[in-house]
Structure formats: C-alpha cells, structure tokens
Amino acid sequence: MRLSCTINGEPREVDGLWEGESLLYVLRERLSLPGSKNACEQGECGSCSVYLDGSLVCSCLVAAGQAEGRDVVTVEGLAPEEDLHPIQNAFLEAGAVQCGFCTPGLIVATHDLLARNPSPSDAEIREALAGNLCRCTGYEKILDAVRLAAS
Ligand code: FES
Ligand code: FES
C-alpha cells in the first residue's frame with residue numbers, strides 16, 4: 001500500500017505499508033519523525049498527538065490509510081528546524097519536562113488549545129490536556145508552562 005500526504009508542509013510518499021499500520025508507526029519508523037511518542041498505542045495517553053487536517057488526533061489510533069491526501073503536522077512541524085516554538089520554551093522554562101516522554105503530545109495539545117483560546121482559564125487548560133498523561137511531573141509544572149506560554 002502507498003500513502004501520499006503532506007507532512008509538516010512537505011508532500012511525502014511512503015510505499016510498502018501494511019493495511020493495519022498506524023500513522024504513528026509511519027511517522028516514527030518510516031519517516032524518521034520520532035517526536036510523536038508511542039506510550040500506550042491505545043489512545044489513552046496523548047503522547048502521539050498530531051494534527052490531521054488541523055484537528056488534534058492520537059496518531060496511534062489513525063490508520064495510515066486515513067491520512068491519504070491529508071495534511072499532517074507533528075511536533076517537529078510547529079517551529080522551523082533548529083528553533084523551538086514559544087510553547088516548547090515555556091515548558092523548558094517552567095521545568096515541565098522531566099523524562100520528556102509526554103512532552104511532545106502536551107506541546108501539540110497546548111498549541112491546539114492556545115490557537116482556539118489564547119487566554120484559557122485553569123479549568124480550560126485542565127480540560128484541554130485531560131487526554132495527555134504524564135507519569136513524572138504531577139501536572140503543576142505543566143499548568144505553569146501553559147500559563148507561561150499563554151502569557
Ligand atoms: S500512544 Fe497514542 S494515545 Fe498513547
Ligand atoms: S515528563 Fe515524564 S511522562 Fe511526563
């Protein structure tokens with residue numbers, strides 16, 4: 001099976017996909033884009049969050065074939081190469097990155113939140129990030145990072 005889609009603004013083609021392959025697998029294993037993390041592969045943790053045609057999705061739950069002809073943006077596509085997005089800087093500055101496994105998904109989810117709502121309340125931040133699990137930080141630093149990014 002062949003997949004043709006746009007990834008981080010560039011047209012990409014991938015050959016030899018098997019039918020059940022996930023978009024996450026294609027990104028990580030076939031296109032060398034390891035930013036999206038594979039932590040549960042069941043849609044439970046948000047570590048694999050990407051945009052698909054502008055909507056936030058768990059790429060582990062998207063069959064690669066569903067991305068045919070569509071526009072995918074991963075955490076690598078949020079800022080120009082060699083640069084950090086202000087949200088990434090805010091996570092670093094707030095100390096919201098420990099092992100970092102959840103961080104790419106949180107960055108993409110925060111990007112989505114702030115695009116929709118530039119000044120979210122704490123309740124709105126918690127709701128928007130409810131699908132993103134972190135095993136390290138206790139979430140307070142993550143909330144600080146989102147507040148900082150919003151400011
Ligand atoms: S790896 Fe996709 S939601 Fe956990
Ligand atoms: S920083 Fe380790 S899982 Fe979130």
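Residues are numbered from 1 along each chain as its sequence is written, and chains are lettered from A and ligands numbered from 1 in the order in which they are written. In this predicted model local features need pLDDT of at least 70, side-chain atom pairs count only at pLDDT 80 or more, totals for chains, interfaces and linings use all residues, and side-chain values use heavy atoms, with hydrogens and water left out.

Reader: Which strands stand at the edges of the sheet?
Author: Strands are DSSP runs of E with at least two residues, helices are runs of H or I with at least four, and both are numbered from the N terminus. Two strands pair if DSSP finds at least two bridges between them. The open sheet of 5 strands has mixed pairing and the order E2-E1-E5-E3-E4. One side of each edge strand is left without a neighbour in the sheet because each has a single partner strand, and these strands are E2 (10-14) and E4 (55-58).

Reader: In which sense do E3 and E5 pair, parallel or antiparallel?
Author: Strands of a sheet pair through backbone hydrogen bonds, either parallel or antiparallel. Leu-52 stands opposite Val-72 in E5. Strand E3 (residues 49-52) and strand E5 (residues 71-73) are joined over 2 bridges, and the sense is antiparallel.

Reader: How is H2 placed relative to H3, oblique or roughly parallel?
Author: Axes are lines fitted to C-alpha atoms, for helices over the stretch in contact, and angles run from 0 to 180 degrees between N-to-C directions. The axes of helix H2 (residues 86-93) and H3 come within 10 Å and cross at roughly 125 degrees. Angles under 35 degrees count as roughly parallel, over 145 as roughly antiparallel, 65 to 115 as roughly perpendicular and the rest as oblique. H2 is therefore, relative to H3, oblique.

Reader: Is Asp-112 buried or exposed?
Author: Asp-112 lies in helix H3. Asp-112 touches Tyr-51 and Leu-56, where contact means heavy atoms within 4.5 Å and residues up to four places away in sequence are not counted. Buried means under 20% relative accessible area, exposed over 50%, and partly exposed in between (1.4 Å probe, protein chains only). With a relative accessible area of 12%, Asp-112 is buried.

Reader: What is the C-alpha separation of Cys-40 and Leu-61?
Author: Cys-40 is found in the loop between helix H1 (23-30) and E3. At 24% relative accessibility, Cys-40 counts as partly exposed. Cys-40 and Leu-61 are 21 residues apart along the chain, and their C-alpha atoms are separated by 10 Å.
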